[in-house]
Amino acid sequence: MTNMKEIKEVPDIDRNLWLPGNATCAGCGLDLSLRWALKALGPRTVLVTPASCLNVVIGVWPKAAPDFPFINMVFAGGAAAATGIYHGLKARGIEDVNVMTYAGDGGTTDIGIQGLSGAAERGTNIIYVCYDNEAYMNTGIQRSSSTPLGAITTTTYFGKQEHKKNLPAIMAAHNIPYVATASVADPLDLYDKFKKAKDIKGLKYIHIYAPCPPGWKIDSERSIEVAKKAITSGMWILYEVENGVFRLTGKSKRYIDPKKRKPIKDYLTIQGRFRKLTDDDFKELEKYRDSLWRQVNKELSFQELEEK
Ligand SMILES: Cc1ncc(C[n+]2csc(CCOP(=O)(O)OP(=O)(O)O)c2C)c(N)n1
Ligand code: SF4
Ligand SMILES: [Mg+2]
């Protein structure tokens, strides 16, 4: 597979699939990520959406936002519904359709994890995407297990006390053929990952960093700036694990060098949700960032050993 080098090389086909004028807020990371995913997947796609902002934004036929088959699903049923659709199509001899669940972090890291784990264990041939806006946004910003330490939500009024759950690592532990992280700040990397996932058999898991201006208390025009700072500070790491082989990808490659990483304060202080962070919280989040990179280094050195 050749990786896309420039945005202008990418086909514009999402315009006819995910229609303009939908109800996402300005600067919504979910909206941007889905557009880029559809550019890669094309029209032979079925979308499964558990309860979430996306579920609502999709709207009601005949004014629905997608102009391709979709189904709104119960909160816990994202992976199970995709499994059923995949097998239903297969029984009819249709195997060239991408069956994709697009779920929020609440619908994945908390409520959908059992069905997702089951589908992964069975090796079901679907793409499961978690768009991670780090809280239950559609119901008014409640904390999820993907909310980072220190973030204010309506249920963590003084800032969340626990760290974010690392779901991509949990999915990699399922030994599925493809796990990737992505971000709206690196759309070509995101596009390439969906292109790759489309051609792999089995369960593909893609976890996307997707800013939410109202939930993160940022101006809508700063959505991509925040996403870029997540990468430059090393707080969000782009990688893929393909058949057990770990690779850093896209804009994260240069931040393997700790000296190149920007201070995490650059990333955190521009978001209102982190306004109550204490000096101890900053130190704790820095330790957390460093622990993520230690894990990356461990993965890379295992691989070096295996290649010898
Ligand atoms: C079983 C159940 N509990 C609660 C809800 C209410 N609900 C609908 S969407 C939502 C938040 C979803 O959060 P997330 O999955 O992170 O997606 P986001 O809204 O952030 O896009 C909740 C709590 C529901 N629909 N079903
Ligand atoms: S609340 Fe957040 S995730 Fe939901 S549509 Fe608005 S920006 Fe997107
Ligand atoms: Mg969410």
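In which loop does Ile141 lie? Select Ile141 and you land in the loop between strand 4 and helix 6. Helices here are DSSP runs of H or I with at least four residues and strands are E runs of at least two, both numbered from the N terminus. The phi of Ile141 is near 70°, a positive value in a residue that is not glycine. At 15% relative accessibility, Ile141 counts as buried (buried is under 20% relative accessible area, exposed over 50%, partly exposed in between, with a 1.4 Å probe and protein chains only).

Some ground rules before moving on. This is a predicted model, where local features need pLDDT of at least 70 and side-chain atom pairs count only at pLDDT 80 or more, while totals for chains, interfaces and linings use all residues. Residues are numbered from 1 along each chain as its sequence is written, chains are lettered from A and ligands numbered from 1 in the order in which they are written, and side-chain values use heavy atoms, with hydrogens and water left out.

**Stop: the metal**

Now select ligand 3, the magnesium ion, which is coordinated by Asp105 (OD), Asn133 (OD1) and Ala135 (O) at 2.0 to 2.1 Å. Donors are N, O and S atoms within 2.8 Å of the metal (3.2 Å for Na, K and Ca), and water is not among the atoms, so sites may look incomplete. Along the chain, the magnesium donors follow the spacing D-x27-N-x1-A. Color by secondary structure: Asp105 lies in helix 4 (residues 105-110) and Ala135 in the loop between strand 4 (127-132) and helix 6 (167-172), so this pair ties together parts that are 30 residues apart in sequence. Asp105 and Ala135 are both buried.

**Stop: ligand 1**

- Tyr131: a side-chain N or O atom is 2.5 Å from an oxygen atom of ligand 1.
- Asn138: a backbone N or O atom lies 2.8 Å from an oxygen atom of ligand 1.
- Asp105: a side-chain N or O atom is 3.1 Å from an oxygen atom of ligand 1.

On its own, ligand 1 has 590 Å² of accessible area, and the protein covers 69% of that (Shrake-Rupley method, 1.4 Å probe; for residues, only the protein chains shown count as cover).

**Stop: ligand 2**

Which residues are around ligand 2? Thr24, Cys25, Cys28, Cys53, Asn133, Cys212, Pro213 and Pro214. That shell has six nonpolar, two polar and no charged residues.

**Stop: the rings**

Show Phe, Tyr and Trp next. Rings (the six-membered one for Trp) pair if their centres lie within 6.5 Å; planes under 30 degrees apart count as stacked, over 60 as edge-to-face and the rest as tilted. The count comes to eight aromatic pairs. Go back to Tyr131: its ring and that of Tyr102 have centres 5.9 Å apart and planes at 20°, so the pair is stacked. Tyr102 lies in strand 3 (residues 98-104) and Tyr131 in strand 4, so they tie together parts that are 29 residues apart in sequence. Tyr102 is buried at 0% relative accessibility, and Tyr131 is buried at 1%.

Tyr239 and Phe246 are stacked too, because their ring centres are 4.9 Å apart and their planes at 25°. Select Tyr209, Trp216 and Trp236 as well: they form one aromatic cluster.

Zoom to Trp61 and Pro62, joined by a cis peptide bond with omega about 10°. Pro62 is found in the loop between helix 2 (53-57) and strand 2 (70-73).

Finish at Asn175, which has a positive phi of about 55° although it is not a glycine. Asn175 sits in the loop between helix 6 and strand 5 (178-183). Buried or exposed, what is Asn175? Asn175 is exposed, with a relative accessible area of 68%.

Definitions and conventions. Polar contact = N/O pair within 3.5 Å; in protein donor to acceptor, adjacent residues only side chain to side chain. Near = heavy atom within 4 Å. Nonpolar A, V, L, I, M, F, W, Y, C, P; charged D, E, K, R; others polar.
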